[in-house]
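Please keep the structure open beside the text as you read.

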Amino acid sequence: EKAGESIAQKVEEFIHQSCLVKKVTLLVGKGNNGGDAYVAGRHLIQRGFEVRAFHLYAIDQCGPLCCLQKKLFEETGGVVQFVHQENDVFLGKEGIILDGLVGTGFKGKAQGPLADLISKANASGLPTLSIDIPSGVVGDTGAVETVAIQAAVTIYLELPKIGFFLGNGWKHAGRLVKAEFGLPQKYIESVVPDAYLVEPQKKEVYRACLPRMDRSRNKYDAGYVLVMAGSCSMPGAAILASYAALKSGAGIARWFYPEEMETFTSSVPWEIIREPFDESDFEQEMRRAKALIVGPGMGRDSLAKKRIKKSLKKCKVPCVIDGDALFFLSESPSTKIPSPAVLTPHMGELKRPMESQ
């Protein structure tokens, strides 16, 4: 009941913000996910929405919760139509679709009528909001074997599912919105998380963690970032990393580049301080800098590896380790990483250390 009411609230907010007609089409499966859809539908009817449901399975195939909520939905004035063949479904051209076909327990591949209905929803042109996870996405792997709902919004219950961020899950999840049903905090605290989600609705909390801007500060007060990056084949990575440091609030970004890159530096934004690499100069600046970026576009030759190794060893400030520095770590997993450090791997780089070990 609480989950369905919370889902209904999120649906109403989406329709209001998107200036859509107050019309909702439920796609209902046979389990608890379908039961949640019916509860949400009932609350939406009570709020003045036009709600109808397409029920994919025969009632004797459905779980008790789904059956109970279907009955209550109909008693509230909801219309239910069972899907016997694809032509039974007409999704219309107004409002939204609320996807309650299958939930986080789904495994394998969507086939037959389930796959047909998912494909029809995707082709409808209507925004689809999924309950807990887009139907067709495997909750713990993000795998999509055949088809899955292309959600505009996934209304996840209490905690986001790891499948949103793995495999093809992120392609289907759309915007993530939290719905609550009163899960006791002790259960949330007992979970060992695989990752933490930065929730947009808490942006003011995160902003409060940032240092306050002093109106009389100078460039050194704002922060001095040292950048070791780039090669003749990949100059853009170094330039973008240096410029990103300035854009994020640093007062100085000093880029040390290989001498052979001299001709690539003429078009670099004037705000970036550019200096050909000299070991003694670099070590001197390391003592002055407040943060270090190492690795973007450096290449993987012996000289690049030597410089990466030495910079990581001598770094005493917060460090961003990216690109070819990550490749170096995958080859030398015993290397001590500076603390604090942020590693920025894409999926292929994330897998590489596991493969090398």
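Two strands count as paired if DSSP finds at least two bridges between them. By that rule, strand β5 (residues 128-131) and strand β6 (residues 153-157) are partners, since three bridges join these parallel strands. One of the residues involved is I131, whose bridge partner in β6 is I155. Bear in mind throughout that this is a predicted model.

**The sheet**

Where does this pair sit in the wider sheet? Seven strands make up an open sheet with parallel pairing, and their order is β3-β2-β1-β4-β5-β6-β7. At the edges are β3 (79-82) and β7 (175-179), each of which pairs on one side only. From one strand to the next, the twist averages 20°. Helix α2 (residues 32-46) packs on this sheet and touches β1, β2, β3, β4, β5 and β6. The direction of α2 makes about 160° with that of β1.

For finding your way around, here are some of the elements in this region:

| Element | Residues |
|---|---|
| α2 | residues 32-46 |
| β1 | residues 23-28 |
| β2 | residues 50-55 |
| β4 | residues 96-100 |
| β5 | residues 128-131 |
| β6 | residues 153-157 |

**A residue inside β5**

Leaving aside residues up to four places away in sequence, S130 touches D99, S135, I149, A151, V153, T154 and I155.

Two packed helices are described by the angle between their axes and the distance between the axes. Helix α11 (residues 302-314) and helix α12 (residues 324-331) pack at about 85°, and their axes are 10 Å apart. That angle makes α11 roughly perpendicular to α12. On the α11 side, the contact involves K305, I308, K309 and L312, which meet D324, A325, F328, L329 and E331 of α12. Sorted by type, the residues of this contact are five nonpolar, four charged and no polar.

**The whole chain**

Stepping back, the chain contains 13 helices and 13 strands. Its C-alpha trace spans about 80 × 50 × 45 Å along the principal axes. The radius of gyration is 26 Å, whereas a compact globule of 357 residues would have one near 21 Å. Buried residues make up 44% of the 357 residues. Among contacts with a separation of 6 or more, 68% are between residues 24 or more positions apart.

How values were computed
Residues are numbered from 1 along each chain as its sequence is written. This is a predicted model: local features need pLDDT of at least 70, side-chain atom pairs count only at pLDDT 80 or more; totals for chains, interfaces and linings use all residues. Side-chain values use heavy atoms; hydrogens and water are left out. Helices (H or I, at least four residues) and strands (E, at least two) are DSSP runs, numbered from the N terminus. Axes are lines fitted to C-alpha atoms, for helices over the stretch in contact, and angles run from 0 to 180 degrees between N-to-C directions. Contact means heavy atoms within 4.5 Å. Angles under 35 degrees count as roughly parallel, over 145 as roughly antiparallel, 65 to 115 as roughly perpendicular and the rest as oblique. Ala, Val, Leu, Ile, Met, Phe, Trp, Tyr, Cys and Pro count as nonpolar, Asp, Glu, Lys and Arg as charged, and the others, Gly among them, as polar. The radius of gyration is taken over C-alpha atoms; the globule rule is 2.2 Å times the number of residues to the power 0.38. Buried means under 20% relative accessible area, exposed over 50%, partly exposed in between (1.4 Å probe, protein chains only).
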